[in-house]
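Please keep the sequence and the three-dimensional view at hand while reading.

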Amino acid sequence: MAISSDNAASRAKAAQPQPAAPAAAPGRGVRLRGGLDVATLVGLAAAGAVILLAITTGGSARAFLDPPSLLIVLGGTLAVTTASFSLGDVAVAWRSAAAVLVHQTLDPKGVARQVILLAEAARRAGPETLRNVLPELRAEPFLHRSVTLITEGLPPDSIEQMLTGEVEATAGALGRSAGVLRRASEVAPAMGLIGTLVGLVQMLGSLNDPSAIGPAMALALLTTFYGAVLGNVVLSPLAAKVERSAEEDALVKTLFTIGAVSIARQENPRRLEMLLNAVLPPGKRIQYFDREAPRVGA
């Protein structure tokens, strides 16, 4: 009788739902690619070093410092760019330009694997079990919001609409920032040319005063130099970097959106893998179920 009671207790304990254990997977699935953007920093530093080396080799660096020329180029570029957009757009663009130097981007392949792991956990124990991993997803706010919508039981179509709208809004904001920087890179050489014309007029107006010819000539030449450096060495690369950052951000958030909608619809994770690979670049596609997924009986 005691044995039967023990067996009944064992069967009852085995019948109880076991807690799912997906909590450790999300932290390993997504890997941040560095902190500082080394390529941008090294590129800008190398360009500046080459220019500085050319300046110091041929003469004194102090000869290339002229406050009026800097005022014309920097002030004129900022003023014309602001006139083309708005104060808010310009402020956001400068913040975006600073952010690309320290922007932490997610590896799309790691993101896809992370989404598959979450889908597997939801398939085993239901979407509600993803509440257990929400604290571990706070490092990626968009993913945290996506999983939160799933656990709150929102319809898949509503989740897709909300997340897609956020992706488009973010892409639009970064696109405007890139446009501001691109416009500034076009204005800077033009302001340098304007400063050159101002310096030439001043020089021609003071031909009878030899002491005034030198400063006027410096203004004429240095504004062109400042404008070319600012536009082509600083602003244009930053604009390209913001555009690339926008593309990478949109890709990562699209992967999260696809995963969230698929989990909410309780689709087969193998189908989700195919959907993710359809969006990923060829070199970033995953083969989780063929290479990584644990096999039954292994």
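Directly after α7, G153 adopts a positive phi of about 80°. The model is a predicted one, in which local features need pLDDT of at least 70, side-chain atom pairs count only at pLDDT 80 or more, and totals for chains, interfaces and linings use all residues. Residues are numbered from 1 along each chain as its sequence is written, and side-chain values use heavy atoms, with hydrogens and water left out. Helices (H or I, at least four residues) and strands (E, at least two) are DSSP runs numbered from the N terminus.

**Burial of α7**

- Of the 11 residues of α7, 9 are buried, so this helix is largely enclosed by the rest of the structure; buried means under 20% relative accessible area, exposed over 50%, and partly exposed in between (1.4 Å probe, protein chains only).
- The buried residues are F142, L143, H144, S146, V147, T148, L149, I150 and T151.
- The cover over these buried residues includes α6, α8 and α9.
- H144 belongs to α7, which spans residues 141–151, and has a relative accessible area of 15%.
- Not counting residues up to four places away in sequence, H144 touches L134, L137 and R138, where contact means heavy atoms within 4.5 Å.

**Nonpolar cores**

- The largest nonpolar core has 35 residues, and L130 and F256 have the most contacts inside it; such a core is a set of buried Ala, Val, Leu, Ile, Met, Phe, Trp, Tyr and Cys residues joined through side-chain atoms within 4.5 Å.
- Two or more residues of this core come from each of α6, α7, α8 (156–205), α9, α10 (269–279) and α11 (288–292).
- The greatest share is given by α6, with 9 residues.
- F256 is in contact with L106, V111, V115, E140, F142, L143 and S146, leaving aside its neighbours within four places in sequence.
- A second, separate core has 17 residues, among them V90, A93, V180 and V242.

**Packing of α6 with α9**

- The axes of α6 (residues 108–125) and α9 (residues 210–264) come within 10 Å and cross at roughly 10°; axes are lines fitted to C-alpha atoms, for helices over the stretch in contact, and angles run from 0 to 180 degrees between N-to-C directions.
- The two helices α6 and α9 are therefore roughly parallel; this class covers angles under 35 degrees, while those over 145 are roughly antiparallel, 65 to 115 roughly perpendicular and the rest oblique.
- On the α6 side the contact is made by P108, V111, V115, L118, A119 and A122, and on the α9 side by L251, V252, L255, F256, G259 and I263.
- By class, this contact has 11 nonpolar residues, 1 polar and no charged; Ala, Val, Leu, Ile, Met, Phe, Trp, Tyr, Cys and Pro count as nonpolar, Asp, Glu, Lys and Arg as charged, and the others, Gly among them, as polar.

**Packing of α4 with α5**

- Helices α4 (residues 67–84) and α5 (residues 87–99) pack at about 120°, with their axes 8 Å apart, and are therefore oblique to each other.
- L78, T81 and T82 of α4 meet L87, V90 and W94 of α5.
- The residues of this contact divide into 4 nonpolar, 2 polar and no charged.

**The loop between α9 and α10**

- Q266 is placed in the loop between α9 and α10, and is exposed, with a relative accessible area of 63%.
- Although not a glycine, Q266 has a positive phi of about 55°.
- Most residues other than glycine have a negative phi.
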